[in-house]
Structure formats: C-alpha cells, structure tokens
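Please examine the sequence and the model shown below. The paragraphs that follow lead through selected features of the fold and its side chains.

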Amino acid sequence: MRCTAKKTFEIARETGNDLIVQVKNNQPGLLRRLEHLTATTAPIEVHDSRNLARNRQEDRRVEIYAPGPALDGSDWGPLVTAVVSVTRQTSIRSAATGLWTRREETALYASSVMLPAEAFASAIRNHWSIENKNHWVRDVTLAEDASRIRVNPGVMARLRSQALNIARANGATNIADALWNAAIDPAVSISYRGL
C-alpha cells in the first residue's frame, strides 16, 4: 500500500508546489531516520524566537538540516529537501497558585523545499493559526466531533463551513458570539451579506 504522505509529496511536486509536513508516529521508518539525523548532525541554520503573553511564555527553536545520506535507499530520498526540527519550551503561570509549569516538545517536519530557518518558523507558526481559526472553532464552538449525524455527515460539514464563511465575511472575529447574537436576534443573520 502506498504511503499517503509520500503520495502527497508526489502530487505537490507534479503540480509545481512545495510543502512542509509534520512527521508523526504513523510514519515510523521516516520518523526514525529524521530523529537519527537530528541527533547526530549539526543544523545548517537555527532561528530562535520568544512569544510572551499573559501568564505564558513560549521559546521556539527552529533548526534546519540537509537530509544528506540519511534518506538514501528510501523512497523519501528524492522527495525531502530539508528536515526541520521545532523545539517548543512553554512556561505557563497558574493564576490560582502563581506557580509556573513548564513543558517541552519537539516536532520534526519534512519539506520538499529548502528555506531559511525564519521562513520555516513563520510557515509552521502560521499553520497553527489556521488550526486554531478553523479546526478548533469546528470542534469546540460548533461541536462537530460530538455530532450524532451518521447519514451523509458531509452535508452538515458543508453547511457549517458555509456558516463560518458567511460570519467571517461579515466581520465576525468571535464565532461563538456571532452565533449567540444571531440566535438571539434573527435580524442579525438576515443583515449578513452573502445570504
């Protein structure tokens, strides 16, 4: 059976596009090779950044590696041009106790293009804004994961997408508030452009 991620790389190449993909446990062979590469090779470029927010500090280190011989003899060799390691050290202060808790995680990415470390950092960080803006809203605000619809669930998913697109096109930044206001006052929904 063909690997889905490998197929995605091939499709991107055929269409003239490049991509960056997080390598997870569902690709154990590739993950092992990349872990070995990052543990035994010096990065060719590093970018450090810090994000501060109320009761939260996140330090991120993005390291870029050339795959070199690490992927020789595998199907991934001709597809992966760069390997990216992102280490996040996050400290979160509890408002109740004032104590800080710290966690650290490292994620590995395979890329079909070589970019500067800062460009990779920006691309990967922007992915999380998409994740938060779309998937989190669907899972939490619209309770999509809790849906009991079993027959043609795609129809309801498209209706949710349409509702989100209309709300955002009309300037809604907080979808939960927009849904609440529309439920309380039907004139709000009727006034939306795009209906």
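Arg-50 is exposed, because its relative accessible area is 51%, where exposed means over 50%, buried under 20%, and partly exposed in between (1.4 Å probe, protein chains only). The side chain of Arg-50 forms a salt bridge with that of Asp-59, at 2.5 Å from N to O; a salt bridge is a side-chain nitrogen of Lys or Arg within 4 Å of a carboxyl oxygen of Asp or Glu. Asp-59, by contrast, counts as buried, with a relative accessibility of 18%. Asp-59 lies in strand β3, and Arg-50 stands opposite Asp-59.

This is a predicted model, in which local features need pLDDT of at least 70 and side-chain atom pairs count only at pLDDT 80 or more, while totals for chains, interfaces and linings use all residues. Residues are numbered from 1 along each chain as its sequence is written, and side-chain values use heavy atoms, with hydrogens and water left out.

The wider setting is a sheet. Helices (H or I, at least four residues) and strands (E, at least two) are DSSP runs, numbered from the N terminus, and two strands pair if DSSP finds at least two bridges between them. Strands of a sheet pair through backbone hydrogen bonds, either parallel or antiparallel. Here, five strands form an open sheet in the order β1-β5-β4-β3-β2, and the pairing is antiparallel. At the edges stand β1 (20–23) and β2 (45–53); each has a single partner strand, so one side of each lacks a neighbour in the sheet. From one strand to the next, the twist averages 25 degrees, the axes being lines fitted to C-alpha atoms (for helices over the stretch in contact) and the angles running from 0 to 180 degrees between N-to-C directions. Strand β2 and strand β3 (residues 56–65) run antiparallel and are joined by nine bridges.

Strand β4 (residues 82–93) contains Ser-85. Is Ser-85 buried or exposed? Ser-85 is buried, because its relative accessible area is 4%. Leaving aside residues up to four places away in sequence, Ser-85 touches several residues, including Thr-38, Arg-61, Val-62, Tyr-65 and Leu-108; contact means heavy atoms within 4.5 Å.

The structure holds nine salt bridges. One of these joins the side chains of Arg-125 and Glu-58, at 2.7 Å from N to O. This pair links distant parts of the chain, as Arg-125 belongs to helix α3 (residues 117–141) and Glu-58 to strand β3, 67 residues apart. Arg-125 is partly exposed at 35% relative accessible area, whereas Glu-58 is buried at 6%. Both residues also belong to a network of salt bridges that links them with Arg-56 and Arg-60.

A further salt bridge connects Arg-160 with Glu-144, whose closest N and O atoms are 3.1 Å apart. Arg-160 is in helix α4 and Glu-144 is in the loop between α3 and α4, so the pair ties together parts that are 16 residues apart in sequence. Arg-160 is buried, with 10% relative accessible area, and Glu-144 is partly exposed, with 21%.

Helix α4 (residues 153–169) also includes Met-156, which counts as partly exposed at 31% relative accessibility. Together with Ile-149, Val-155 and Leu-159, Met-156 forms a nonpolar patch on the surface, with about 310 Å² of accessible area in total. Patches are made of residues with over 30% relative accessible area and no salt bridge, like charges being joined within 9 Å and nonpolar side chains (Val, Leu, Ile, Met, Phe, Trp, Tyr) within 5 Å. Accessible areas come from the Shrake-Rupley method with a 1.4 Å probe, and for residues only the protein chains shown count as cover.
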